[in-house]
Amino acid sequence: MKFVDVADDPRAAWLAIEGRNWGDGLPCIPPTSELVEAMLGERDAAEQVALLAPSDEWATVGLVAINAVMAGCEPAVLPVVLAAVRAAGDPAFNLLAVQSTTNPATEVLIVNGPVVRELGVESGAGCMGAGGRTNLTIGRAVRLVMANVGGARPGEGDSATQGFPGKLAFCFAEAEEASPWPPLHEALGRPAGTSAVTVVSGSGSLNLLDTSDDGEELLLAFSRAIAYPSSNDYLWGGMPLVVMGPEHADVIDRGGFDRAEAQRFLFERSTIPASHITRSNRRSFLEPGRGELYGGIEDDTPIHVADRPEDILIAVAGGPGTHTVYVPTFGDSRAVTEDIRA
């Protein structure tokens, strides 16, 4: 790692970082050698974590640590950042497309397991918004790595037409104790009692307000909200994320739906006819990407938001209130879950 000399002043150091295009527009912590060493602990700075696109450069533990310092992370959260970077670098996530697309795609991080309580990752009220220092610094660190090592800066590697605020930081924990179902990472194959982070290629978010106390009616309302023709998930068959507030999850559970049954209901009821998708999108994306799956696509072919019910991810998070958040995805990307290694 190479260090540069700057004025011994926090503002001057931040402006020097911005001047070198290493930041994200927000004030950051200057990554001094002492802070980077404290972040690393006994880890090998040269150890490779993931090969990132579009730069085709390796993110090493040392480079991740530098960006974690700039993001304001405590050393204790570095294992979460490293796990998220590993997940994003998994070929299944399709990082090159996620990073360079004109869509507002970004890494959405869902943290599960004992590490949530140990590190104070927020899962309750406002967990996706302001105020959660641990959430925001973890999410920001991953994004800085994606820009500084992965080479995805706005207009330079990152071609997002508008982007959205989640491209600064998007990290939260699942509210496992408030959920009527097993944690998300267990549903995705991780053993009970382990800690993991799941990375999803989120492309915005949509708030779903509904005061229904009928589980089936509530799921039907969600299905209708999910079904919009310009969604990438319908073009490629993605892994969209439904983050249910605990009150909604309780209504659905009392209505007799477990997670798998809720996924199946959403899968079956959120279809749209192919005729609702523009001819251009059908010709350019839908037919080449999913035509074989459907055995050909006609105007009345019902198109699903995902290829399988289990590809609709359901997590529980948030505080009091009858709200759920729908996170559509880039589509041509698979969610990846990585263990958080102590």
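Residues are numbered from 1 along each chain as its sequence is written, and side-chain values use heavy atoms, with hydrogens and water left out. As the model is predicted, local features need pLDDT of at least 70 and side-chain atom pairs count only at pLDDT 80 or more, while totals for chains, interfaces and linings use all residues.

I shall begin with the cysteines. How many disulfides are there, if a disulfide is a pair of cysteine sulfur atoms within 2.5 Å? The count comes to zero. For Cys28, the closest cysteine sulfur is that of Cys73, and the 12 Å between them is too far for a bond. Cys127 has its closest cysteine sulfur in Cys171, at 9.6 Å, which is also too far for a bond. Cys28 is buried, at 11% relative accessible area, and Cys127 is buried at 7%. Here buried means under 20% relative accessible area, exposed means over 50%, and partly exposed lies in between, with a 1.4 Å probe and protein chains only.

Rolling a probe the size of a water molecule over the atoms shows where empty space is left. On a 1 Å grid over the protein atoms alone, a cavity is a set of points where a 1.4 Å probe fits but cannot get out; a pocket is an open set with protein on both sides within 12 Å along at least five of seven lines; and lining residues have an atom within 4 Å of a point. Grid points are joined across faces, edges and corners, and a volume is the space filled by probe spheres set on the points. There is one cavity of 30 Å³ or more, and the volume of the largest cavity is about 30 Å³. Its lining consists of Cys127, Met128, Gly129, Asn135, Leu136, Ala169, Phe170 and Cys171. By class, six of these residues are nonpolar, two are polar and none is charged. In this scheme Ala, Val, Leu, Ile, Met, Phe, Trp, Tyr, Cys and Pro count as nonpolar, Asp, Glu, Lys and Arg as charged, and the others, Gly among them, as polar.

I turn now to the second largest pocket, which holds about 330 Å³ of space. It is lined by 17 residues, and those closest to its centre are Asp24, Arg143, Pro154, Asp158 and Lys167. The lining divides into seven nonpolar, four polar and six charged residues. Which element gives the most to this lining? Helix 7 does, with four residues. Helix 7 (133–148) and strand 4 (153–154) each supply at least two. Helices (H or I, at least four residues) and strands (E, at least two) are DSSP runs, numbered from the N terminus.

Lys167 deserves a separate word. It is placed in the loop between strand 5 (157–158) and strand 6 (171–173). Is Lys167 buried or exposed? It is buried, with a relative accessible area of 14%. Beyond its neighbours within four places in sequence, Lys167 is in contact (heavy atoms within 4.5 Å) with Pro104, Ala105, Thr106, Arg143, Asp158 and Ala160.

Next comes helix 12, residues 259–269, whose buried residues are Arg259, Ala262, Gln263, Phe265, Leu266 and Phe267. These buried residues pack against helix 8 (184–187), helix 9, strand 9 (241–244), helix 11 (246–254) and strand 12 (313–316). At the start of helix 12, a side-chain oxygen of Asp258 comes within 3.2 Å of the backbone nitrogen of Ala260.

Ser231 sits in the loop between helix 9 (215–226) and helix 10 (232–236), and it is buried at 0% relative accessible area. A polar atom of the Ser231 side chain lies 3.1 Å from the backbone nitrogen of Asp233.

Finally, some backbone angles. Most residues other than glycine have a negative phi, and most peptide bonds are trans. The peptide bond from Ala53 to Pro54 is cis, with omega near 5°. Pro54 belongs to the loop between strand 1 (48–52) and strand 2 (57–60). Asp56 lies in the loop between strand 1 and strand 2; its phi is positive, about 60°, although it is not a glycine. Asp56 is exposed, at 55% relative accessibility. Asn21, in the loop between helix 1 (10–19) and helix 2 (33–40), has a positive phi near 65° and is partly exposed at 35%.

Note on methods
Disulfide = S-S within 2.5 Å. Polar contact = N/O pair within 3.5 Å; in protein donor to acceptor, adjacent residues only side chain to side chain.
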